[in-house]
Amino acid sequence: MVQLEDDGYGSSTSSDTIVLALHSDMSTSTLRPGDHDIGPGRLVLQPENCEMHTVLRNVDVHATRGLHVTAPIPEGTRISAEKPLLGVTKADYNYIGIYEAFEKLSAVDQDSFLRLKMVRYPEFKPQEKNIDNMILEYERNYSLANTDGERQKLASLEESLRIAIRMWRVNSRFQGNMNDLTTNSEPNSCTALPDDVPICGVFRTASVLSQSCVPNVCVAWNKGTKRLTVHATRAIYPGEELTASHISSNFYCKFAERAKALRERGILRCTCPACNINHVSFIHHEFHRTNIGVEVRNIIPLITRLQTPTSPQPSLAELAAAEVTVLKVIDSLVKAGCRDMELVWWRKYLAEELLLRLGKWTAAVAQARLAVKGTERCIGLDNPDIEPFRRIQKRAEEILRSYKADAKEFCSFT
Ligand SMILES: [Zn+2]
């Protein structure tokens, strides 16, 4: 039987608890993948796995929930860089594979893993149904177990039930805290990756960060150093909590749409300023995020056309109209407090796809430079994923330089 349970973020309507009502020798117990069974969330740092550059000094690691800042953290600071506590390759990215990878961890790491606070609450309906059925079968057999053979069968059933629950807890916690380690959003789409490369992983620090749609840190995988980094995307002051967006980008839309999408992804409740209707900034966020949704919907047909080589290419007038739309998106993103890669991607798109095609080279250089600066802020200078942004900046600068040289030559000639 699956029961509704408070998720720790407030009221919840999701099923994340399995209640076992067993008899005498197996006292009634409640098992769940969330953090209620381990008490207040505490950051368990393993120095050999986690390079904490400033957090230990700046953050109260004994906070009961999340990471709270106790000294100023400047914008762009790398707060942490850590190896996965549990990383899973493409071949192992399934219910059994995740459990087997967990079983290979040391006892200390297994304990740390099971103590992680849940970020999302995924559902495993077939497995949960199976556990419910096993409980029913156990109860049926319990009342009938009068002989040694029957009692042996009961013990075997009990053992199977314990393993099934352990597998469910491990998988729930993995999916509930997992970070994608690829540039693609869906781990299953990474068909080109070698089998031994982890495609997703669970990390101690990232699992402690609370959800916000107006986050102050950016969490990113650095495939060069093989560390998950956490960078401050703006200056963070004492008393503030470090918050991250645990959903993919492209989430700048109205509160109702976002709440539904968050829930579909297992995030039961977000109490950030954009999601808390009593917050003083709620209307401000709602206004700008609604605008972003409208403008993005307006420009999607043109983006699709530019990405499809067989489609008729847009006219200069259409590109100019698209430039205005993207500038509106960027303006609203800035006003909605966006400091993460969403803003950076739009600046790159504007420079690469619109301004260069329109011959607005000075503006393209400016936007490309802002995109590189933003990427450095979000993922760090040493992350190889910064290269496409640097390439666009270089290309725009070269075109502008060549245009200026041509203009100079033309002027001297005339
Ligand atoms: Zn929110």
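The legends below describe close-up views of a predicted model.

**View 1. The protein chain as a whole.** The secondary structure of the protein chain consists of twelve helices and 14 strands. The chain has 414 residues, and 37% of them count as buried. Among contacts between residues at least 6 apart in sequence, 68% join residues at least 24 apart.

**View 2. Packing of helix α4 against helix α5.** Helix α4 covers residues 125-144 and helix α5 covers residues 148-177. Their axes are 10 Å apart and meet the packing angle of about 160°. Angles over 145 degrees count as roughly antiparallel, and α4 and α5 are therefore roughly antiparallel to each other. The crossing in which α4 passes α5 is left-handed.

**View 3. Residues in the contact of α4 with α5.** On the α4 side, the contact is made by Q127, E128, N130, I131, M134, I135, E137, Y138, N141, Y142 and L144. On the α5 side, the contributors are E150, K153, L154, L157, E158, S160, L161, A164, I165 and W168. By class, the contact of α4 with α5 has twelve nonpolar, four polar and five charged residues.

View 4. Helix α11 runs over residues 361-379. At 1.5 Å a residue, its 19 residues should span 27 Å, and the end C-alpha atoms are 26 Å apart, which agrees. Buried residues of α11 include W361, A364, V365, A368, A371 and V372. Further along α11, G374, T375, R377, C378 and I379 are also among the buried residues. G380 follows α11 and has a positive phi, near 95°.

How values were computed. Residues numbered from 1 in each chain as written. Predicted model: local features only at pLDDT ≥ 70, side-chain atom pairs only at ≥ 80, totals over all residues. Axes fitted to C-alpha atoms, helices over the stretch in contact; angles between N-to-C directions. Helix = DSSP H or I, 4+ residues; strand = E, 2+ residues; numbered from the N terminus. Parallel < 35°, antiparallel > 145°, perpendicular 65-115°, else oblique. Left-handed = near helix turned anticlockwise from the far one by under 90°. Contact = placed C-beta atoms within 7 Å. Nonpolar A, V, L, I, M, F, W, Y, C, P; charged D, E, K, R; others polar. Expected span 1.5 Å × (residues − 1). Buried ≥ 20, exposed ≤ 12 C-beta atoms within 10 Å, placed from the backbone.
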